[in-house]
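Okay, thanks for making time, everyone.

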Amino acid sequence: GINAEYMGILQMEPDKEKSSDLIPEENKLQATPEKPQEEKKEHLEDVLSPESQQLVKEIGQDEDIDTRKQLIESKLAKKKAEEDRKMLANRLQLLRIEEQKALKKIESTKKKAKEIITIKNKKAEELKKKEEIRKKKQEQIARLAEENKTFKEQLKKGIAFKQELTLSQKKQKKQMILDEKEKSKQAIETLKSEIQTTNTQKKQLVKSQEMSLKIYKKKDMETKKERALGLVENKIFKHSQDKIALESEILQMEQEEQELIQRLQKTQLLQQSALDELEVALSIPASAGAS
């Protein structure tokens, strides 16, 4: 499929130009049959320009034939040179055209070759990627197969180990149940014994507590009586002390009262004296006061 695609790109249309266009002009001229020499000679003077023909007539037919011959030959040589130049120019033009065509074909060929290389590289890259993907898949499949194999082996070992462990656990559990039953039986017997002992101790303790309570209550009542008597005596002593303090305070207040009364009497006397002086001052006339 790839080669057919490359061949399709490389196919080029054949040139539609006629093969006759590639034949040089000189070959075309050579292919033309030559005219007889005599006919050529008869028409040699026809190649001359009107001006040259006039010069020939002036020279004459018999005079200076060499000069006339040289003129005709030079004219023919010039004409042949012009024709050669024209043919050469045509060939050069054809060669230039062919060169441009060749360059275009070369460029087209290079472009198509580049496209082919690009397609090949792309195909190669795709094949490389596909191969890498295929290898990765194979590696993954192999790894998964190995992991599956390992898992199965581990699962098989795990099942066997679990079966053994289950059997061992069942035996241990059975033995533990028997041991627990024996321990429970012993614990019940021990508990019964402890309960009996505890009950006996409780009865003895209750009796002892009752005796202790009676003694405590008796002592408490005596203590309360003593405490109450002490409180009463303290209150009586405090009342007597308060009475003495109050009586002393009353005595001091009475002395202070006598002192205040005496000071007040003196103050009233001084106030009365001041009022008397004021009245005297107000009763004196203003002129007498001035003199």
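I'll start with the overall fold, then go to a surface patch and some salt bridges.

So, first off, this is a predicted model. The protein has 6 helices and 0 strands, so, as you'd read that from the N terminus, you get α-α-α-α-α-α. How much of the protein is buried? Of the 291 residues, buried ones make up 3%. The accessible surface comes to about 27,100 Å², and carbon and sulfur atoms account for 57% of that. On contacts: take those with a separation of 6 or more, and 75% of them are between residues 24 or more positions apart.

Now the patch. Leu 88, Leu 92 and Leu 95 make a nonpolar surface patch of about 270 Å². Leu 92 sits in helix H5, which covers residues 65-283.

On to the charges. The structure has 4 salt bridges, and I'll show you some of them.

Asp 84 pairs with Lys 80 at 3.2 Å, N to O. Both are in helix H5, 4 residues apart, about one turn of the helix. Asp 84 is partly exposed, at 32%.

Next, Glu 131 and Arg 134 meet at 2.2 Å, N to O. These two also lie in helix H5, 3 residues apart. Glu 131 is partly exposed at 31%, and Arg 134 is partly exposed at 37%.

Last one: Asp 220 and Lys 224, 3.4 Å, N to O. They're about one helical turn from each other, because they are 4 residues apart in helix H5.

Conventions: Residues numbered from 1 in each chain as written. Predicted model: local features only at pLDDT ≥ 70, side-chain atom pairs only at ≥ 80, totals over all residues. Heavy atoms only, no water. Buried < 20%, exposed > 50% of the residue type's maximum accessible area, 1.4 Å probe, protein only. Contact = heavy atoms within 4.5 Å. Areas by Shrake-Rupley, 256 points an atom, 1.4 Å probe, with all protein chains shown as cover. Patch = residues over 30% accessible without salt bridge, like charges linked within 9 Å, V, L, I, M, F, W, Y side chains within 5 Å. Salt bridge = Lys/Arg side-chain N within 4 Å of Asp/Glu carboxyl O.
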